[in-house]
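Work through the following exercises with the sequence and the model open side by side. Each task is followed by a solution that goes step by step.

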Amino acid sequence: MADTVGTYLSGLLIVACFSYLFKENRAFTYAEHLYVGFAAAQAIVLGWSNIKEMGLDPLRQGKFILVIPLVLGVLLYARYYKPLSHLARFPLAFMMGAAAGVTITGVIDAQLVAQVKATMLPMTNLNNVVMVLGTASTLAFFLFIPIGKKAEGVKAANGFGAGNLVRNLGRATIMLAFGSSYGYTVMARLSYLVARLQFLFGRIIPLIPD
Amino acid sequence: MSSPWYERLQSIPKPAIYATLILVFLVPLIRPMGLPLLMSENTRKAYEYIDALPEGSIVFHSIAFNPAVDAENWPQMLALVRHYMKNGLKIIFYPTMQEGGMYAERIRSTYAAEYGYEYGEDYVILPFKAGGESAIAGLKDFWSFMPSDVDGTPLKDLPLFQGFTDMRDVDVIVPCTGSSDGLFYVSHLNAAYGTPIIMAGTAPVLPFIGPFLASGQVKGAIIGLSGAAEYEILAGVPGQATGAMDAQSMGHLLIVGLVLIGNLGFLYGKRVNGKNGQNGRRS
Amino acid sequence: MTRRTVPLIIGFLAGTIVLGKYFLPQNAFLDSLGTDVVNWRTIVAAFALGLGAVNLLGTHTMRIARKEKGWDASIVLLASLVTFTAIGLFKGTTSPVYQWGFNYLYQPIYSGISSLLAFMITSASYRSFRFKDWQSGVLMLGAVIVMLGQVGVGQLLFRSLPAVSSWIMAVPNTAGMRGIAIGGALGAIALSLRVILGLERGYLGGGQ
């Protein structure tokens, strides 16, 4: 019974979302606010369960060092009390510092060394040539080739020199990569709608065969 | 005076486009056209890798998606999980997005029974952890980071974790993701322990993981709704992705058709009006 | 001192300890401290999850109190926030009632709103993809080949399209994205070092 009611309610809510295509209206606004409220509730509930499981429970068992992260966490809320709002910077700095450390340890091996290594291919076939030149020119385009106004000066100085060749090769590779990324993004966005139509015209109005 | 045809080609009204899109989807959904389904190399590699795992192997299935993208990720996850269960693999679910746990609960409440899977023995759901990349890096010190399951039961009391030392005991990690977050597993766990990674991602994820597939850091990938449909067929498990592929095909055709129509008008207008050809921003 | 220097010292210590654990894994003290810092970050990040809710509570309570435009929708938001927080905290997120809320309220709205993107992207593709110069031509060509090459209808139109699309993804796309990945890695390392060394302070906000 609860599931049947829920299914029809879901259908109504999806239609309320679609109604936004015509114009913003009450049904859409209510649905949107209901969703934001749930999302915030979810954040509180899951945040609390993390705090309890990783902080409070072990603290009760005698792991007093956990007072440090718990106090830092509470200090995040100092931002709402002006005289102490600067204290909210402590946990923020802690999170940023730790995240920076985690990021460096993550990217060195997997993203930098392994990827540079994987690009060192023998130039014995077209694919390898495209891979090596494409990677190198993209990297050069981002790191070494001036763009915008600066580029015009360089262009004038170099004419059709090696700089321009690398710039254009890098640009072509990036454009092809971005174009294909766009194609995949389209694919994703369309499937969101297909899934909702499958639900509406499969479960609510049974027109789609199983 | 009405505008010339090449300008009208560039200014089809939005409502007409929206209505056509719905129609283009609905017709093949209601009356399937039986268009051919392609089989990508990435999906085949993913399937073959998982299919070759011996019974009892441990799959670490990370759930890093939310309802915004579950149209792609949920059919992928369902096809994968049914394949794990069909082959008797042990599953550890780990949500790294707030909503992830709810999808694991769906497996517990509905799908685990299909294959007689017992909670605690055949599969376990870990709790969501905040922190993004840190919540994945933290897995390297597994027991201090993850003392209990989603119900609060200590992991050491669950049969699946008897003899489990750390993430090195995991045979494959499968991040099911709507973003490139899955790459954090490559950065922290594949890099540290060499644990194989199979990625299940939404379509826009593929371009980002391409370099990691080519380098062998990611062994295979199930991408988008088409990847889910391919996996359903390869694994021989039921699912809703296959039925959606005709509609997906027609949607792509519509967009390409619209781009071509717009450009026809634009290029002809440019020829007639010189450089100031209508750029199609009017609607 | 406490306003700027102490946060910078905290950030430096947190980052250095995590790096120390990575570069000196044989040092048991650093290893254990590094593990603690990563775990503590999860605890602090968990506290941060509630910040959005506090902001929402403040904004929407004021909106209702002042009967500002849209105050009725604010009631819906607060009711949803309070109800599901209570259910989640007292009955748990695995309880049937919380899952009902997720499956039949939250999931359909969230996925419904995101499915509007299908309409937007169709209209945007039609309006903005124009063959203006060789670069936009390459961009468009890549998009069109991939769009058609990934689905069955593309194969019916041109038999070799899926193979061309796969080649684009496997070779030029991989080359471009690899360049971006390596550049991104260098950038991430540089930015992270700036944060640890206290040269990057934007996240601390203005003031002393």
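**Exercise 1. Determine how far apart the C-alpha centres of domain 1 of chain B and domain 2 of chain B lie, and describe the make-up of chain B.**

Step 1. The centres of the two domains of chain B, taken over C-alpha atoms, are 38 Å apart. This is a predicted model, in which local features need pLDDT of at least 70 and side-chain atom pairs count only at pLDDT 80 or more, while totals for chains, interfaces and linings use all residues. Residues are numbered from 1 along each chain as its sequence is written, and chains are lettered from A and ligands numbered from 1 in the order in which they are written.

Step 2. The domain assignment, with bounds that come from an automatic or database domain assignment, gives chain B a domain 1 made of 5-31 + 244-276 and a domain 2 that covers 41-239.

Step 3. Chain B contains 11 helices and 6 strands, where helices (H or I, at least four residues) and strands (E, at least two) are DSSP runs numbered from the N terminus. Its C-alpha atoms fill a box of roughly 80 × 40 × 30 Å along the principal axes.

Step 4. Of the 283 residues in chain B, 55% are buried (a residue is buried if 20 or more other C-beta atoms lie within 10 Å of its own, exposed if 12 or fewer, and partly exposed in between, with C-beta atoms placed from the backbone).

**Exercise 2. Find how many residues of chain B are in contact with chain A, and which element gives the largest share.**

Step 1. Two residues are in contact if their C-beta atoms, placed from the backbone, lie within 7 Å; by this criterion 39 residues of chain B meet 39 residues of chain A.

Step 2. The largest share of the side of chain B that touches chain A comes from α8(B), with 6 residues.

Step 3. By class, that side of chain B has 23 nonpolar, 13 polar and 3 charged residues (Ala, Val, Leu, Ile, Met, Phe, Trp, Tyr, Cys and Pro count as nonpolar, Asp, Glu, Lys and Arg as charged, and the others, Gly among them, as polar).

**Exercise 3. Describe the contact of chain A with chain C, and the way in which α3(A) and α2(C) cross.**

Step 1. The contact takes 92 residues from chain A and 100 residues from chain C. On the side of chain A that touches chain C, the classes are 62 nonpolar, 26 polar and 4 charged residues.

Step 2. Axes are lines fitted to C-alpha atoms, for helices over the stretch in contact, and angles run from 0 to 180 degrees between N-to-C directions.

Step 3. The two helices α3(A) and α2(C) are therefore roughly parallel to each other, since angles under 35 degrees count as roughly parallel, over 145 as roughly antiparallel, 65 to 115 as roughly perpendicular and the rest as oblique.

Step 4. I68(A), P69(A), L70(A), L72(A), G73(A) and V74(A) of α3(A) meet W40(C), I43(C), V44(C) and F47(C) of α2(C). This contact has 9 nonpolar, 1 polar and no charged residues.

**Exercise 4. Is V76(C) buried, partly exposed or exposed, and which residues does V76(C) touch?**

Step 1. V76(C) is found in helix α3 of chain C, residues 71-90.

Step 2. With 19 other C-beta atoms within 10 Å, V76(C) is partly exposed.

Step 3. Not counting residues up to four places away in sequence, V76(C) touches Y30(A), H33(A), L34(A) and G37(A).
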